[in-house]
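Have the sequence and the 3D view open as you read.

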Amino acid sequence: GKYEYYNCDQLADAGRKMSSREQELVELIVRAGHGPAGEFIGAVSYRTDLMQARGDLKQIIAVAERKNCAIQSKWQSDRALW
């Protein structure tokens, strides 16, 4: 119910922020994995935040679909074909 009272613009903004946070956490986990004991440190430090971000993204998408909001896909472009 965290995003139930958001309008479509707020959902889109929250989705962009959460998507960039997810990407940042994935990069941090990969970077931590390069050092000795890095996988353990990455899992302990960032894994729970990553799972939280992914859960929030799923909630945002579900609420946006229920409200019939236009969701910006990563495969979608603002460019016209003609």
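1. A term to start with: a disulfide is called here when a pair of cysteine sulfur atoms lies within 2.5 Å. In general, such a link is a covalent bond between the sulfur atoms of two cysteines. Please keep in mind that what you are looking at is a predicted model.

2. How many disulfides does that rule give? The count comes to one. The partners are Cys8 and Cys69, with their sulfur atoms 2.0 Å apart. Cys8 sits in helix 1, while Cys69 belongs to the segment after helix 2, so the bond ties together parts that are 61 residues apart in sequence. The angle about the S-S bond is -75°, and the link of Cys8 and Cys69 is left-handed.

3. Are the two cysteines buried or exposed? Cys8 counts as partly exposed because its relative accessibility is 33%. Cys69 has a relative accessible area of 11%, so this residue is buried.

4. Next, have a look at helix 2, which covers residues 38-66 and has 29 residues. From its first C-alpha to its last, helix 2 reaches 40 Å, close to the 42 Å expected at 1.5 Å a residue. Where is the kink in helix 2? The kink is centred on Tyr46 and is about 50°. After helix 2 comes Asn68, whose phi is positive, near 60°.

5. Which helix do the buried residues of helix 2 pack against? Their partner is helix 1, residues 8-32. The buried residues of helix 2 include Gly38, Gly42, Leu50, Ala53, Leu57, Ile60 and Val63. Asp56 and Ala64 are also among them, and both come up again below.

6. Asp56 deserves a visit of its own. This residue lies in helix 2 and counts as buried because its relative accessibility is 5%, with the cut-off for buried being under 20%. Which side chain makes a polar contact with the side chain of Asp56? The partner is Lys2, at 3.3 Å. Leaving aside residues up to four places away in sequence, Asp56 touches Lys2, Tyr3 and Met18.

7. Gln10 is partly exposed, because its relative accessible area is 39%. Gln10 and Ala64 are 54 residues apart along the chain, and their C-alpha atoms are separated by 9.9 Å. Ala64 is one of the buried residues of helix 2.

Conventions:
Residues numbered from 1 in each chain as written. Predicted model: local features only at pLDDT ≥ 70, side-chain atom pairs only at ≥ 80, totals over all residues. Heavy atoms only, no water. Helix = DSSP H or I, 4+ residues; strand = E, 2+ residues; numbered from the N terminus. Expected span 1.5 Å × (residues − 1). Bend = angle between axes of the 7 residues up to and from the residue. Buried < 20%, exposed > 50% of the residue type's maximum accessible area, 1.4 Å probe, protein only. Contact = heavy atoms within 4.5 Å. Polar contact = N/O pair within 3.5 Å; in protein donor to acceptor, adjacent residues only side chain to side chain.
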